[in-house]
Each structure stands twice: as structure tokens, then as C-alpha cells.
Amino acid sequence: MASIDGSSGSDGALREAAATFALTDWPMNAWYAAAYDVELKHALLPRTIAGRSLVLYRKGDGTPIALENACWHRLLPLSEGHLEDDAVVCGYHGLMYNGEGRCVFMPSQQTINPAARVRSYPIAERHRFVWVWPGDPALADPDTIPDLHWNDDPEWAGDGGLIDVKCNYKLVVDNLMDLTHETFVHGSSIGHRSVAEVPFEVTHGPDGVTVTRWMLDVDPPPFWAMQLEWRHGRRFDRVDRWQIIHFEAPSTIAIDVGVAPAGTGAPQGDRSQGVNGFVLNTMTPQSPGACHYFWAFARNYNLDDQRITTLLRDGVAGVFGEDEEVLNAQQRSIDSNPDKQFYNLNIDGGAMWARRLIDSMIAAEGDDARYARASEQARAAALSEPATTRVEATEADRARLGI
Amino acid sequence: MASIDGSSGSDGALREAAATFALTDWPMNAWYAAAYDVELKHALLPRTIAGRSLVLYRKGDGTPIALENACWHRLLPLSEGHLEDDAVVCGYHGLMYNGEGRCVFMPSQQTINPAARVRSYPIAERHRFVWVWPGDPALADPDTIPDLHWNDDPEWAGDGGLIDVKCNYKLVVDNLMDLTHETFVHGSSIGHRSVAEVPFEVTHGPDGVTVTRWMLDVDPPPFWAMQLEWRHGRRFDRVDRWQIIHFEAPSTIAIDVGVAPAGTGAPQGDRSQGVNGFVLNTMTPQSPGACHYFWAFARNYNLDDQRITTLLRDGVAGVFGEDEEVLNAQQRSIDSNPDKQFYNLNIDGGAMWARRLIDSMIAAEGDDARYARASEQARAAALSEPATTRVEATEADRARLGI
Amino acid sequence: MASIDGSSGSDGALREAAATFALTDWPMNAWYAAAYDVELKHALLPRTIAGRSLVLYRKGDGTPIALENACWHRLLPLSEGHLEDDAVVCGYHGLMYNGEGRCVFMPSQQTINPAARVRSYPIAERHRFVWVWPGDPALADPDTIPDLHWNDDPEWAGDGGLIDVKCNYKLVVDNLMDLTHETFVHGSSIGHRSVAEVPFEVTHGPDGVTVTRWMLDVDPPPFWAMQLEWRHGRRFDRVDRWQIIHFEAPSTIAIDVGVAPAGTGAPQGDRSQGVNGFVLNTMTPQSPGACHYFWAFARNYNLDDQRITTLLRDGVAGVFGEDEEVLNAQQRSIDSNPDKQFYNLNIDGGAMWARRLIDSMIAAEGDDARYARASEQARAAALSEPATTRVEATEADRARLGI
């Protein structure tokens, strides 16, 4: 793995043009979450996915449909019309489209031009999300939908939400791939100086990136102390805590998080005394400077206690609200500093490999010169054997955090 | 007449670049309504007409004046100043302009530079509107002001209003030249499935376009049933209804509408038992994506009943509010789909000829290549004898509307 | 001095492209007021100065600091973080910067890249303002900070404020260099027809421009009648009034204003019976279309009467609120009339020489062709001996103002 130590100014990997965060910089051949399952009804829902304006709805039998959101005739957004049975009726002149996007009625025309259609998009429902494939339909395979199964697995319980963030989707990837920021952004909830203190390992391979951090025998932060007490009915002073971040390109991140009473064997694989959650995240680019950020939090204990579900969902929503503020401010700064670059630190190892996998996907779709160099690195990464890098806290960290 | 059947994909007339709806695409040598008569007082009124920022006012004797709205000296909008007698005083340094736009006072100058002036525009008051000519003043002939005489004819009574629509003015022309949309946009008021059902005829000539639709022996829609009852004191089950749309380039449309008890001779010319109205419309481009839409509704019965005037004005205002929503959404969609085209259906025959007459006016003013091809068609249309095309409802229409 | 009479249409000096008011048109090598002294505390204050986004704060010992407002790592505005002692902590990943902008902590890095820094700006506190030098630090000499000493001179008392105006800073210079506008913009407070009536003299030299206007034996306007009564306990019917405007490039203007009972010798130098104030103004370009406008009003009588301080500050704030409205409208008009020019009148003599000194500073910093011609004139002006031009009111002025 190339050094990404911030001390090495001559390293090509060190700098990234922040300006790329203001470009149309996502793969089209990918499944993107377009809606939470409960959002989609027998009604027209407009939504922008990967730069495309779509109208979504469910047919009477529940099948989800995604169509281009502009009438073939005069471009009125179809979402301004209404459904009649399973067809969309344009709200202007009554042209009707079936679920495949084919026009099935035009006023006063003896025949219907076979070219009269709006584009329909591959769509599939999985893990409580409705996914859309904005790219080449021939390549759309629902088996490649990112794994967020914890969101509807009977062994897990939870809930989530949708945030429309005014930032490039890759800034959210950055944010989630390095949890060092918890100490500074989320000090009052999940943040804890031990997050910045302990080492973590970055493992990358062709299929994804994993960042693993174990904090052994530490004070539990409030968010986790509370959950351990819910489960066991009493408080614990010391816990073993884990954060294992799984990235799946281009923009899905499942984070395995939890604590167990210290010394009960969690690091060795026995989590039976602990509480475990998955923070599920998938980001859908809307435009270069905006994304839909779908998230959920699932737990594996007290599954039927709806009060816990609500408390955890509201707690995580509060934490993500803090991130949203940072992400919005970061994007504004990028927009007003088009010449400035990003620099990578050791803590950005996970994000850097995630970025390479994303760039590899984009490079595979075309000959965009911006991605040519990134692509070489990315292909090398994708072909290489999984490898692991360890990032350690330093004396400076310990002094800084008083630990 | 070229086929505009949507089934003929190879027809050049079929497609129009929606992008032209985002351009400066109006003739300058034309009279445009700038204000309702009652809006204009002995006070400064800023208004944007055909891309020009103007200040309007009436002199003490009522004469309307239109001047460029930026002081010669430092560009402060003159509308920020005030009137002294019939002169505009700039609100910054007190420069004064007379009604011809000539500077008649400058502070501390022995002489006034004869070049010190703001442009004045030909202006005339007619049919309860104040009209401005933004183009070559030498060509401005008040006799060519579009005919909306019903708006102040003693045989007619009515009232109207002004809507600032966030769309290109030609989208309103489109809207008014085909009333098929009534069925879908105005279902609860004037809309009626018979509008989409019966055939209509499009007649075009060098001076305008007329679209004629007669609906014989039909149920009266609520808007008309009400009026017939006002006039006769009783309800009628069946009526003969007409819609005769007169387009006068570039953007004035007078629609002769009404109903008479079925079989009383209205189609043959005897409207004596009916109620007749004129929907008067004239659109003034403000910018490529915005226009002032002046409208009125005049009737020829119960002229002194002010209650009817108010009810009809409010009713039509409600109908046009529905159009406004559609038009705003359509323009937003055009703006976010710069590569998409408009397609014409048979129902767009009137709008298509109207567009050709507009393009012909623009082409006559310059060598804009965008209008070169349109201009050939338009000139051909303008030179040709009036011709008529008939558009019929189809089996599909009848099935669709359950008729 | 070249004629600037508006009657001379062929004079090159007559016209100025208004478009230059929409450009990045300020010298970088200059001191600009960044904050009022009381605004700056031991806390992070974001502010845009000369197109640069800065974060300002005071160290524990009161020393002011100005840093670039974007973290070296991921560009989050540092103003979103917090202070720890005298260091700025980034609110995202905790990078810390000292007052020189050097990064002194990075999480998990053994060494800190010496290139890891944000730019720090020369900063100094003087005359109750905190000044920043956005240009070449080697040239920053606090001795060249513009003279606004009345703002903290024990012989003077006063207070002021900050207005964020949505206009180019040079429009405010224009506004302040010619007080003829008082008659039209501030008629109800300080405006008086005698301001437009009496002659004034413009003196220009390499170091600045002075505009002098004496109004002898005139009615005192309300603002000044009130002050004379505060000082003497009685009203005076006739006063000698003065306005002496001192411009210091690029954007500081101190205006010596006052009245004395008529005939008590003020024009000859004995102001002992009068009341004297200084209107202090310094404008900081924020962007081409916006500036920070810092102002104060200081007086030399009844120094301990805080009630007078408050009344005068509120009175001047009201007057400047009227200017703000005009300036905002003027900038909007410039933006929507990119092809229109400014024309100079005799009354613009002071503003014209001020503009030449500004242009000379910009020209000295680079080879911007836009300023090449201006620069020749400006250098000629800067090298020439001070010279004076007299601008007189005319018969037309007298007739216009009824005097």
C-alpha cells in the first residue's frame, strides 16, 4: 500500500483535487437506493437519482416502477399528473404511459407513434429500499444490489430515515469510512477519545474495503452504556467496543458496531454478552452537490421493544444531524475554493481505497481522462490480493486527548 | 398542410427543440401589453417588457409614458425616484428627465449634454391595456395594436387581471391554442369530456390562426350552466357549445366561447338565445423564462350586473391558476432537460401555425440561423391562401373518456 | 485637469464602463478593515475580505489573528470548529492550527507535514478597527493603515456600525465623494438645498483627494440645528456650514463636517463656537458585488454625554440606511445592464480622482489590461502637483431648487 502519511508531501496519492467533488462523478451502472419501501405507494413520487429526474410509483399489485419524469409530448413532469390503475396520466393533455414507459393513449391520434415513450428504469425492492439502476438496463442484475440485509432480517430490529444532504455523495463516504471524527463532531453522544486513541486496520480488495477498530477495556460512551443497561438491567464500567466498517462500491457502507462487558470474549468472537448494531448507509447522488442519504440502525437484542427502536432511531438521527451540518459546510467551502485540494492523512486510508474503487467503476464506463490515472491505481487495487494496513495513534494523540 | 400526426416519426415538423423556449425568442417590433389601464397612475411603475427594464407613468393629463429604467448618469433605476409634474427625478442626484427621456436638469452643469437621455418607447392605450413597442420606433403604428376591443366595448362587460408566470410566453400560446387540456387540467370547472371528443378545425393564413370547435347537444359544464341560468332564469339540460380561438401574432389570443340551448340555431349563426363570452389573452415576454400574462373575460348579457362580473372574473382567475401551476412546472422541466424536444400531436395544429407566424416575425428582424428554417415554412404559410385542417377524435378517445 | 463637464460628449474621461463595477477590482496590497474592535473576541469569526474567506479571533492576550478559513485536510471552514487556548481546532477531525496557521496536531500521524498549514494574514488593530492585509505580507506596514484616529482620540467621542451592502465598494466611494446626493436622498435629515447650491473645490494629489464645500449664512438643517442647541442651549437661525471630504486610497473616507453660528469665523479657521463631527468610513470589498461598510461618527463637544453619542449614532445609521437602499438598487441595475456605461458630471470630480488613485494601485500590482489606460492617467495624477478644480452651481440649479 502506498504511504498516505501526511508527512510525505511528494506522494502523488497525498493530494486530491477537491474540485472533483463538484463534478458528475458517479458510475451510472450501479444500483442506487431511490426510496424507502414505505415511501412508495400507489401514487406518483418525483425523485432525482444520479442526475436523472424520475417519477416512481407502485402498481396496484405493489410492483415498483421508475419512469423518466417528463412527458414525451410537452415535457410536463409526469409527477404533476395522476395514476389511473397502473398507468400514469399526464396532467396536461392526458397522454397515458404504462409501467414500461410506452405511451398507450394520445388524444385525437388514430395511431400512436411507437417512438412515443418515456424511459423506464430497472427497479427492484430489497432490504427495505427500492433500488434503481440509472445505467445500461442490460447490465442490471438485482443480485448485485448492495447487502443491507440487516434492515429486514428477522434476527434484527430497527428503523431509519432519509436525509437530503447538500453535498457530494463521496463526502458522506469519506465521513463514514473514518470514525475518528466522532471524537470531534459527536463528542456528546457516541464520540469518545478512545476512538481516536486506538489503532485501526484497513483491508482492501477487489470487492470492498474494511476498516476495523477494537477499543478494549474502555469506558462505554453514553449511547452504548444505555443499550448495555437495557439488555442486562445494570450498568457496566468497562467494555470492549468495536467498529467494523464495510464499504461496497459505489456508495453503500454497513458498520458493525457494538460493545460487550470487558473481557467477555468479544474480540475473540464471542459477542453473546454484548449488544450489537449495524449502522446501514447508502448514498444516492442527486447532483454533483447533493445526495439522498438513506440510513438505518438495526440491533440484535430486545427485538420486540418498539420503545428501544424509537429511541435508537432518534438518537442516530441526532448524530447524523451533526454530520449533516459539517457536510453542508464542507461542500460550501469546496464550492468557494475551486483551486484547493484535499490532503490525505493516515486516517483516510479507508476512504482512499473506497475512492479508488468508485473511480475504477467510473473509469470502466468511459474514457473520462479525469479518471484515467485514478483508474490505473484503482484497477491495480481491484486486481491485487486483499491487503491490510495498520494505523496507530501516536504520542501526540495521547497527549492531545489527555490519555 | 404538413402532417403533424404523432404517428409519423420522420416528419420534420414533428419535433421542436424545447431549448428554444429558453432563448430570447420574441420579435421586438411588436406591441406588447405593459400594464392594465388602472395600474398606471401619476406614479412610477417599474416593469420588464421584452427583456427591457422600463419605468412607466402617466403625465398629469393622463398620457402614458415609457422610459428606460436606468439613469444616464449612474444607472440608478429611475423607478427609485419620484415625479415632479411630468418629469422623472432620479432618486440619487436629482437629474430630471421629461416624457421624451431627455435630461432637462443636471446639478452644477452649465449646459446639458444633448446625449444625456434615456430611451423612450412608443406607447399607446387601447382596449383597457397600455401597450409598449420595444423595437424600432419608426415602425410603431398604433393601428396594428392587437384587437381586444371586447374589453372596453359598451356591448360587452367584464374584468380581468395580470399573472406573472414563470414560463416562456410561447408556452402560454401553446396552452391557449389547444383546449383539449381543459379535460385534464380544468376537470372541475370548464373541462368536459366533450371538448376532447369532438373534432376541431384549424384555419391558418397570413394574418392569424383560428381554431374552431363546436360541441352540439352536450351537457353544459358547470361554468356555462350557471351563466345560462343567470340569463334565462332556468336550467337547460342540453346545449350547443362553441370555442373559436383567434390568434394574432405574436402573442394575443381572443377566444370566442359560449353556449346556447341545443337546437336554437347557434351553429347556423343565431346566438340570440345563448350566452357568449370572450376570453381575452395577451402575453408579454419578460425574459426567456417569464412572462406577464394579461387576461380578461367579457360577456354580452346582463351587462350591468356587477355581481356576475365579479363571479366570472374570480371563476376564470381560478381556472388560470390551474394553468399557471402546469406552465411553471413545464418550464422547470424544460430548464432541467435542455436536450429534450417537444413533439407535436394533431391537437397542436393551432399552436404549430401560431409558432410559425411568431418565427416569421423574428426571422424578419434579423439573420438568426435558429429561425432560418422556421422562417421558410412560416413565410410559405404567410403567403399561402388560408387553409383548413380537421382534427377528429378517435375510437381511442371515445373509449378513454367513456363516451 | 481634464474637463468632466457632462456637456462634452467626446471627452474620454466622460464615460466609464459600469461593468468594471462587477469585476474583482480592488488592490490586494492594502489594509482593509475586517472587524470592529468589539466584534473580535476569543472566539471564531468568519468574514470575507477582498474575496478571501477568513476566520478571525483574538488570542488569550488579545492579539488579533486572521487565518484562511478552510482546513488543509478536507476544507471544512475552521470557523465551524472551536478555540483551545490560542489554537484553532477543526470541527471535523481535530487538526489544530496555531496563530501563524501552522498545523500543530493531526490525528494518528507520527510526524506533521511541514506543508500542512493554512495561510495567515498580516493583521493590526488601530482606530477601533481590526485591519487585515490580503496581499503580499512582505509589504504590510501598519504605518500605512488609513487615518481614522478620530475614532479613538480622547478629544473626540462617538460610535459607529457595520453595514453589509450588496454593492461594489467603489459605489460607496462614489456616494461619499459627492454629497450633492444629500439633497435628494437625505432630504429629511442632513439634506438641504444649499448643499447643491454652493460651489465646491476638488483638490487631488498623489496621496489623496479632498473635496471642500462651505455653505455660508444658511439655515441649519435639523441634524445640525439640534447639535448646536445641545452645545449652546439655544437655537441659531443662520450658520456657516462645512463639508470637507478626505479620501485615502483605496477606500477610506473621513469627512470633516460641522456648523458654527454664522459670522463667528469658522471659514477663517476659528471653529470655537461651532460643533464639529467626523464621518468616518472605510469600505472592504467582499466580492465584486458586495462590501463591508464600516462607519462611525465622532464629535468634539459634550464628550461625556452618552445620550448624544447614541442619538447621533442612530441618526447617522438612519441616513446610511437610505444610502444602502440606493446602493443596492444601483448594483442590481448595473448587473442587469452589463453594456451600459457610467457618465461623469462636474459633481463627480472627487469620485473620478479617487477612482484614478484606486486604479493606479491595481495597475501597480499586475498587468491587467483593463487598468492600463486608467493607470497612465492615474500615474500622471499621482505624480502631478496637487491641483484644484472649482465646481459651481448654475442658474439652473438655483431655479430647480427655488433658491
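**Terms and values**

Guide: Among contacts in chain A between residues at least 6 apart in sequence, 60% join residues at least 24 apart. Two residues are in contact if their C-beta atoms, placed from the backbone, lie within 7 Å. This is a predicted model, in which local features need pLDDT of at least 70 and side-chain atom pairs count only at pLDDT 80 or more, while totals for chains, interfaces and linings use all residues. Residues are numbered from 1 along each chain as its sequence is written, and chains are lettered from A and ligands numbered from 1 in the order in which they are written.

Visitor: What makes up the secondary structure of chain A?

Guide: Chain A has eight helices and 20 strands. Helices (H or I, at least four residues) and strands (E, at least two) are DSSP runs, numbered from the N terminus.

Visitor: Why is Leu75(B) called buried?

Guide: A residue is buried if 20 or more other C-beta atoms lie within 10 Å of its own, exposed if 12 or fewer, and partly exposed in between, with C-beta atoms placed from the backbone. Leu75(B) has 27 other C-beta atoms within 10 Å, so Leu75(B) is buried. Leu75(B) sits in the loop between strand 5 (64-68) and strand 6 (82-84) of chain B, and its phi is near 70 degrees, a positive value in a residue other than glycine.

Visitor: Why does Asn302(C) count as partly exposed?

Guide: Asn302(C) has 15 C-beta neighbours inside 10 Å, and therefore counts as partly exposed. Asn302(C) is not a glycine either, yet has a positive phi of about 40 degrees. Its place is the loop between strand 18 (290-299) and helix 5 (306-336) of chain C.

Visitor: How much of chain A is buried?

Guide: Buried residues are 51% of the 403 residues in chain A.

Visitor: Which residues touch the most other members of the largest nonpolar core?

Guide: They are Val172(A), Val172(B) and Val172(C), in a core of 343 residues. Helix 6 (residues 349-364) of chain B gives the most to this core, with nine residues. A nonpolar core is a set of buried Ala, Val, Leu, Ile, Met, Phe, Trp, Tyr and Cys residues joined through C-beta atoms within 7 Å. Leaving out residues up to four places away in sequence, Val172(B) touches Val165(B), Cys167(B), Met283(B), Cys291(B), Tyr293(B) and Leu327(B).

Visitor: How do you know that strand 4 and strand 5 of chain C pair?

Guide: Two strands pair if DSSP finds at least two bridges between them. Strand 4 (residues 52-58) and strand 5 of chain C have five bridges, so they pair, in the antiparallel sense. In one of these strands, strand 5 of chain C, Glu68(C) is the bridge partner of Leu54(C).

Visitor: What makes strand 3 (45-49) and strand 5 (64-68) of chain C edge strands?

Guide: Three strands of chain C form an open antiparallel sheet in the order 3-4-5. Strand 3 and strand 5 of chain C each pair on one side only.

Visitor: Where is the cis peptide bond of chain A?

Guide: A cis peptide bond joins Ala249(A) and Pro250(A), with omega about 5 degrees. Pro250(A) lies in the loop between strand 15 (239-248) and strand 16 (252-261) of chain A. In chain B, a cis peptide bond joins Ala249(B) and Pro250(B), with omega about 5 degrees.
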